[in-house]
Structure formats: C-alpha cells, structure tokens
Amino acid sequence: MQLTDSIGRNINYLRLSVTDRCNMRCFYCMPKEGVVSKGHDAILSYEELLLIAETSVGIGIEKIRITGGEPLVRVGLVGFLEKLSKIPGLRHLALTTNGLLLAEMAADLRRAGVQRLNVSLDSLDPLIFSDITRGGDLKKVLAGLDAAEQAGFPPPKINVVIMRGINDDEILAFAEMTLTRGSSVRFIEYMPVVKDEGWQRYCISGDEILQRIVSTYSLEQIDKGPYAGPSRDFRIPGASGSIGIITAVSGHFCSECNRIRVTSTGQAKGCLFSDEKTDLVPCLRPPDRERLAEVLRRIVSGKPERHGISCDSYKHQNFTMAQVGG
Ligand code: SAM
C-alpha cells in the first residue's frame, strides 16, 4: 500500500524520536544550557511509541529511523528495537546516533534487528569536535564506528553539518572516508535552528561543498535507493562509500521529501520547519488504533508543499532539533 500526500509524494519514512535528552550539547543544535527536559509523563512510553510505529506501518510507512535527543541514552531502548524490528511490513529499521555510547551498544543494536546506523560526526579533529559538541570525546565516536562494523553493520553513514569557519576545511578529509573506510558521508547544510542573529555566517551551500570536492576528486552521480529521501548522491570512482549532499537551505528538496516525524512527546510533524504539529496523545491515552491511523493519514495529506527557509530570510521556529529529532 502506497501512502501519498496531496501533491503525490510517496511518504514511506517515519522519523520517530524516543527522547529529548542528549549527552552532547552541539552548539548549532541546542542552547548551551540545554533545553528543559520534559517530565517522564510527557515522554511517550515504549508501548505508545510501538503503537505509533505499528499504525504507521499499517497505513504504508516502510522505513522507521529512531532518533532523539540521543536515542542511546534512553533506558530499555534495545528491547523496544527488538519489538519494532518484528513489525510485519516494516522493511527498514535504522537509527541515528551521536556515537558516544555506540562502542558499548553496537552489538546489542545489531542483535535487536537494526539494519543501518547513521552517526553524526562534524569533525575529525579532537579539539574542534570538542568545541562543536561542547565537550564531546571524538575517540569514543571513532571507537563506536569500529564497534558497529565489528558487530556486523554495514559501515555507518556519517552525517556531517558543514559550517563555514568551523569545519569547512575538513570537507576533503570527510570525502576521503568514502575511500579509506568505505563510509557513506552525507554533507548537510547548516540550518538555522538555535536563535543566532548572525547564523548566515555559517552557511555554506551544497554546491560549494561539491565544488570543493571536485577540485580534487572526480565525482559520478549515482542512483539512490527507495528510502533515501532528499539527498543528491555521488561517488568518487573506486570508492565503496558514497557522498551525499543535503541542501536543506539552498536547494528545494521539498519535492522529494518522503518523511513525517513524531517527537518523543507525541507531536507529529509533516515538515521539520513548520510550526504546525499534531498532538497524537489523545489517540494513545487510551490507545485507539483507528483514530491514530486516521490522524496520521491526515498529517500525510496535509504535509506542507515546501518549507520557508533560505539563506536570506527565516523566522526561527519554536523548537530545537534535539526536540524534533533532526
Ligand atoms: N543524537 C542523534 C544524532 O546525533 O544523530 C539524533 C538527533 S540529532 C538532532 C539529528 C541530526 O540533526 C544530527 O545529524 C545533527 O547534526 C542534525 N542537526 C541538528 N541541528 C542541526 C542544524 N542546525 N543544522 C543541520 N543539522 C542539524
């Protein structure tokens, strides 16, 4: 069964956040003081999250990515993933992590049925990494990448947010990981999430990122898979990993957007950058599958055609990426 929105986009991908807590404080994602974490009652239980996942798959979602905050900090995650992976009709179960706890959890995640990991990693220099993440330990993340491969995962996809003057001198080093480690690296344009009047200074467009790579390596464009969503994908000839460019700000990838999002408090969003959200809690407490399916279908059919951010204008929305899950 195909799930299509009002302009014919095939919506097959749910990003499901399991927590708003994070063990890093990336400066572009969260304010220094962090965000006030929601109380336990506000955060959906695993039973409620499972109901959302099952119902979504029931109406046509085929891929679920678990996100956060940092999903690996939530107690009991592995048992929840095991249940998710058994949902009939779910074709792809993935998880995105900052990698800090990955070395100790990779084998359990694999056994639980997670098929693919994305690791967010913005610098290969320990000091810059620590500055960006406000104290993160690069060694642990690199150990996590190794542990994931030892556990049998395909090389994790690396998500790197490129910011001018911060880590843009590492574009080639990241591109080379597709040759040396077989990693697939996705370069993500910096998006204005945390309130910062001068945010444009960090913006570096996907086209400029590509130009910097092709100044050293030739690139061939490659086809992407059915769940890949809005990235343009390339390969350095001979590399086993691919290079993806996600132009959330400079490009209009909305026409290819295939996803909906649900936060850990049960707020469903058709567009990351829209203030519009729908509270699923009334369909969960008490649980009502039919009503939930109807509300999820409505979110899909009402999915905005496009977001309104560009490097020239943007009104900051009332959320942090850690609350929505990226
Ligand atoms: N903790 C997990 C992780 O690190 O992957 C999941 C949550 S994190 C909010 C999801 C993704 O959002 C990360 O790849 C992060 O880099 C990205 N992100 C957060 N703030 C961003 C921003 N201002 N611009 C672009 N990407 C951002």
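1. R181 is partly exposed, at 27% relative accessibility (buried is under 20% relative accessible area, exposed over 50%, partly exposed in between, with a 1.4 Å probe and protein chains only). Its side chain meets that of E149 in a salt bridge, 3.7 Å from N to O (a side-chain nitrogen of Lys or Arg within 4 Å of a carboxyl oxygen of Asp or Glu). R181 sits in the loop between α6 (171-180) and β6 (185-189) and E149 in helix α5 (residues 138-150), so the pair ties together parts 32 residues apart in sequence. Helices (H or I, at least four residues) and strands (E, at least two) are DSSP runs, numbered from the N terminus.

2. The model is predicted: local features need pLDDT of at least 70, side-chain atom pairs count only at pLDDT 80 or more, and totals for chains, interfaces and linings use all residues. Residues are numbered from 1 along each chain as its sequence is written, and side-chain values use heavy atoms, leaving out hydrogens and water.

3. The structure holds 12 salt bridges. Why can such pairs form? Side chains of opposite charge can pair when their charged atoms come close.

4. Look at E208 next. E208 forms a salt bridge with R164, with the closest N and O atoms 2.8 Å apart. This pair links distant parts of the chain: E208 is in helix α7 (residues 206-214), R164 in the loop between β5 and α6, 44 residues apart. E208 also meets R212 in a salt bridge, 3.0 Å from N to O. E208 and R212 both lie in helix α7, four residues apart, about one turn of the helix.

5. Salt bridges link R164, D168, E208 and R212 in a network.
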